[in-house]
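Here are my notes for anyone opening this one for the first time. Keep the viewer handy and go through the points in order.

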Amino acid sequence: FLDKLIGTAGEGTYCHKPSTVSGGGKSEISKSLTDAVIYGAIYVGDFEADMALVREILERDYSTCFSPEYVKPQVRSPGRNILSIDRSLGSVVKLLTPKNEYSTEHCEFINSIPSHIRSVVFAIKRFYKPEWNGDWESHFSVDIVNGAKGHELKLDGRKLAGSYLRVGHDHVNGGWRTYKLRQDFIGASKVQMEDDISASIVVPRSQIKGLPLREYGMFPSLKITQNCEWRLFQRPDDAIFPGFDKQTEIGERKAMIHWTFEYQNLTNWTLNNQTWAASMCLYPISNPSTKRR
């Protein structure tokens, strides 16, 4: 697998979602996406046929991809080559994603591209180097398995790794519902700063000293948010699937007491034959005399 250098920003981005109804996603934005990302090979079907289709996509003329009513003077021509240094990977993703601004012909062409071919195109764009001088085909290959060409795409003899996002679980067949991510996607590291209860105030930016004008100079006012909870609780909705919420799994191992209890037909308020189950974890308290709020 290829190694990657990941850059980090000196100052993170604070995500705050205020005044949201139940189920609006307040807890979700505090969770890291990395546990939901799995890595695997980038597959091709018939290598020769797939590479021919990839070649057609890379060499296609996209100068007329826009509908006449959306054609306007462009700083950079829409017909520039996909592998050109003047076109980014994000630009290629947009070019091969249907939208209203594109002509009917171009949208039909996009919809005719198999999903695994689109992933191969993005991978080639991600790793293409100008010094190849257009000869990308000699760098991509597959192994020979049992006398036939295999299906795992390789770059200069090394396996390519693709990232896939798990967004659901197939309860019938027991597998994951996954979607291919951009080849250069890296999930952000997150530190939970708040959950359900916080206090905030909006103040003029000029009243806050020491802010770098480059990042905050365009904002006339800023919101300051402070967590009001004694302890943060990260709802472990996905922890029932091993490996999906590693932060919760670490907390479970550190728990002092863990038990499951059931109530059956508790009171008249309980639905008939309804079973209620819950799981509780107690964690060490640095000061035992501190009362819980």
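1. Start with aspartate 156, which comes out as partly exposed because its relative accessibility is 45%. You'll find aspartate 156 in the loop between β5 (154–155) and β6 (158–159). Its backbone is worth a look: phi is positive, about 50°, although the residue is not a glycine. Keep in mind that this is a predicted model.

2. For background, most residues other than glycine have a negative phi. Asparagine 146 sits in the loop between β3 (144–145) and β4 (148–149). Buried or exposed? With a relative accessible area of 82%, asparagine 146 is exposed, since the cut-off for that class is over 50%.

3. Now the sheet. Three strands make up an open sheet with antiparallel pairing, and the order is β2-β5-β6. Which strands stand at the edges? They are β2 (140–141) and β6, and each has a single partner strand, so one side of each has no neighbour in the sheet. Zooming in on β2 and β5, you'll see that they run antiparallel and are joined by two bridges. Phenylalanine 140, for one, has leucine 155 in β5 as its bridge partner.

4. How many salt bridges does the structure hold? There are five, and I'll go through some of them here. Glutamate 48 pairs with lysine 149, with 2.4 Å between the closest N and O atoms. Glutamate 48 belongs to helix α1 (residues 47–59) and lysine 149 to strand β4, so this pair ties together parts that lie 101 residues apart in sequence. Glutamate 48 counts as partly exposed, at 46% relative accessibility. Lysine 149 is also partly exposed, with a relative accessible area of 41%.

5. As for accessibility, glutamate 137 is partly exposed with a relative accessible area of 34%, and arginine 55 counts as partly exposed at 28%.

6. One more salt bridge takes us back to the sheet strands. Lysine 154 and aspartate 143 form it, with their closest N and O atoms 3.0 Å apart. Lysine 154 is in strand β5 and aspartate 143 is in the loop between β2 and β3, 11 residues apart. Check the accessibility of the two partners: lysine 154 is buried, with a relative accessible area of 12%, whereas aspartate 143 is partly exposed, at 37%. Lysine 154 gets its label because buried means under 20%.

7. Last, the surface. Which residues make the nonpolar surface patch of about 340 Å²? They are Tyr14, Val191 and Met193. Tyrosine 14 is located in the segment before β1 (37–41). Tyrosine 14 has 43% relative accessibility, so it counts as partly exposed.

Definitions and conventions. Residues are numbered from 1 along each chain as its sequence is written. This is a predicted model: local features need pLDDT of at least 70, side-chain atom pairs count only at pLDDT 80 or more; totals for chains, interfaces and linings use all residues. Side-chain values use heavy atoms; hydrogens and water are left out. Patches are made of residues with over 30% relative accessible area and no salt bridge: like charges are joined within 9 Å, nonpolar side chains (Val, Leu, Ile, Met, Phe, Trp, Tyr) within 5 Å. Accessible areas come from the Shrake-Rupley method with a 1.4 Å probe; for residues, only the protein chains shown count as cover. A salt bridge is a side-chain nitrogen of Lys or Arg within 4 Å of a carboxyl oxygen of Asp or Glu. Helices (H or I, at least four residues) and strands (E, at least two) are DSSP runs, numbered from the N terminus. Buried means under 20% relative accessible area, exposed over 50%, partly exposed in between (1.4 Å probe, protein chains only). Two strands pair if DSSP finds at least two bridges between them.
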